[in-house]
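Subject: Structure handover

Hi,

Here is the structure we discussed. My notes follow below it.

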Amino acid sequence: MLTPYQKFFTGRPTPRIAQDLLGTTLYYHGPKGTVGGLIVETEAYLGENDSASHAYNGRRTAYTESLYGLPGTIYLYQIRGHYCLDIAVQAQDVPHGVLIRGLEPCLNSEQMAANRRQTGFAISNGPAKLVQALGINSRKLDGQPLENNILTIDIARYYIPREIAVSSRIGVNLNKKDGNAPLRFYVQGNPYVSQMRKRDMDLSKHGWD
DNA sequence: AGGGAGATCTTCT
DNA sequence: GAAGATCTCCCTT
């Protein structure tokens, strides 16, 4: 049986789950204290049939095993020397995932800036940037559940996006089948969304209602 | 403000 | 040996 928390990560289409995560809060209770932020950008990856997915064509190795885990399993992978955070969604053995791509710091942002050695929106406006901002620099948490963990998401939404924007995913091979699929979701105007243009930023409310 | 090259490192073929 | 769900710096507008 699934817990109510696990049920949040299954039972409806993956793009819908990705949108429902916008405005929830990500926390990391790390060695330097607790840091955290609001999720402002996500991408959906649809498993075996999605040419951009790590599980395309059913690819299943020790490296990608977490994607096949229970809903709410952490898939922490490395790409070109950077760590990225993905959440396995849907039932066990269904390798769908939601990539967290942007985070608005809301707890101990000074520590996050220090972890990044950056200031301003560059602290966490990208999938590898936000993981570094949290202070995570290993795959130690890969394969673990989010529920009741030191890395977790509070799925209660205290902030509601005024508008959810949709686009094709970033960094995927455009020449493959699903290279242009509209599976990227973000809080329109939030400055911590990757590649948000300055003229599109809502600097007063950050795109929240 | 936007685009492109180079760094980087693990995994799989 | 090649490719990948990226980032930074530097260059040109």
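Residue classes first: Ala, Val, Leu, Ile, Met, Phe, Trp, Tyr, Cys and Pro count as nonpolar, Asp, Glu, Lys and Arg as charged, and the others, Gly among them, as polar. On that basis, the surface near DNA strand C has 10 nonpolar, eight polar and three charged residues. Near means that the C-beta atom, placed from the backbone, lies within 6 Å of the strand.

This is a predicted model: local features need pLDDT of at least 70, side-chain atom pairs count only at pLDDT 80 or more, and totals for chains, interfaces and linings use all residues. Residues are numbered from 1 along each chain as its sequence is written, with chains lettered from A and ligands numbered from 1 in the order in which they are written.

**DNA strand C.** Of the 21 residues around it, Tyr45, Leu99, Gly126, Ala128 and Gly171 come nearest. β4 (82-89), β5 (96-107) and α4 (127-134) each supply at least two residues of this surface. Helices (H or I, at least four residues) and strands (E, at least two) are DSSP runs, numbered from the N terminus.

**Chain A.** There are four helices and eight strands. From the N terminus, the order is α-α-β-β-β-β-β-α-α-β-β-β. The C-alpha atoms fill a box of roughly 45 × 35 × 35 Å along the principal axes.

**Val187.** This residue sits in strand β8 (residues 184-187). Val187 counts as buried because 29 C-beta neighbours lie inside 10 Å; the cut-offs are 20 or more for buried, 12 or fewer for exposed, and partly exposed in between. The C-alpha atoms of Val187 and Glu163 are separated by 6.2 Å.

Best wishes
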